[in-house]
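Biologist: Here is a chain to talk through. Let us begin with its charged pairs and then turn to its nonpolar side chains.

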Amino acid sequence: MQKAIKRLFDIIFSALALLLLLPVWIVVGIWIAATSRGGVFFRQKRTGYKGRDFDLLKFRSMYVNAEADTAQAAERDKRVTPIGRFLRRSSLDELPQLINVLKGDMSIIGPRPHMVYHTEQYAPLIKDYMRRHEMRPGLTGYAQISGFRGPTPRLEDMENRVRADIYYVDHFSLWLDLKIFTITLWRMLLLKL
């Protein structure tokens with residue numbers, strides 16, 4: 001029952017957010033197109049629910065490059081465009097993932113989806129790594145509010161993220177989702193103030 005309510009929330013929230021944020025999409029799309037070559041959107045294969053791959057959508061925040069599907073962005077990464085820095089800092093680059101949520105590839109709350117390359121790299125190294133795929137991946141999740149957001153240059157960084165993801169899978173409830181959602185919104189508002 002809780003998972004059905006979660007999915008209903010995902011559909012309603014993503015549809016409303018897509019509609020309300022349409023002007024932002026237009027401005028960001030024009031800004032990206034006017035400041036760098038390449039498409040407005042970036043598609044990347046990610047590992048999703050039950051280990052199935054899907055195409056994650058983002059606003060393009062990097063110059064077109066050969067490492068897009070294998071290398072995480074690092075601090076002061078030269079591949080990131082000037083507008084991309086703003087989009088990443090404000091998390092606006094993630095807005096197109098609302099389409100992924102509406103389609104059912106993702107949820108609003110859940111473990112962040114990793115690149116297929118990272119799944120292949122870390123699954124043999126981290127115990128229970130694949131358990132994080134027992135829930136739909138999310139726009140935000142328990143790992144992100146617990147401080148495990150961003151690049152994972154050391155194996156220990158990814159182990160901490162995976163441990164938090166598995167905690168979420170094992171303790172899923174609508175209350176936990178509400179807590180994660182509220183903390184995420186609060187932090188986004190603080191960044192914008």
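Biologist: How far apart are N and O in the salt bridge where the side chains of Lys58 and Asp93 meet?

Modeller: Keep in mind that this is a predicted model. Lys58 lies in strand β2 and Asp93 in the loop between α3 and α4, so the pair ties together parts that are 35 residues apart in sequence. Both residues, Lys58 and Asp93, are buried. Their side chains meet in a salt bridge with an N to O distance of 3.5 Å.

Biologist: Which residues are linked with Lys58 and Asp93 in a network of salt bridges?

Modeller: Side chains of opposite charge can pair when their charged atoms come close. The network holds Lys58 and Asp93, and it also takes in Glu94 and Arg112.

Biologist: Is Lys6, which meets Asp177 in a salt bridge, buried or exposed?

Modeller: The bridge between Lys6 and Asp177 has an N to O distance of 2.6 Å. It links distant parts of the chain, with Lys6 in helix α1 and Asp177 in helix α8. Buried means under 20% relative accessible area. Lys6 has a relative accessible area of 8%, so Lys6 is buried.

Biologist: Which residues touch the most other members of the largest nonpolar core?

Modeller: In soluble globular proteins, nonpolar side chains tend to be buried together. The largest nonpolar core here has 25 residues. Elements that give two or more residues to this core include α1, β2 (53–59) and α7 (155–171). The members that touch the most others are Phe59, Leu87 and Tyr168.

Terms used. Residues are numbered from 1 along each chain as its sequence is written. This is a predicted model: local features need pLDDT of at least 70, side-chain atom pairs count only at pLDDT 80 or more; totals for chains, interfaces and linings use all residues. Side-chain values use heavy atoms; hydrogens and water are left out. A nonpolar core is a set of buried Ala, Val, Leu, Ile, Met, Phe, Trp, Tyr and Cys residues joined through side-chain atoms within 4.5 Å. Buried means under 20% relative accessible area, exposed over 50%, partly exposed in between (1.4 Å probe, protein chains only). Helices (H or I, at least four residues) and strands (E, at least two) are DSSP runs, numbered from the N terminus. A salt bridge is a side-chain nitrogen of Lys or Arg within 4 Å of a carboxyl oxygen of Asp or Glu.
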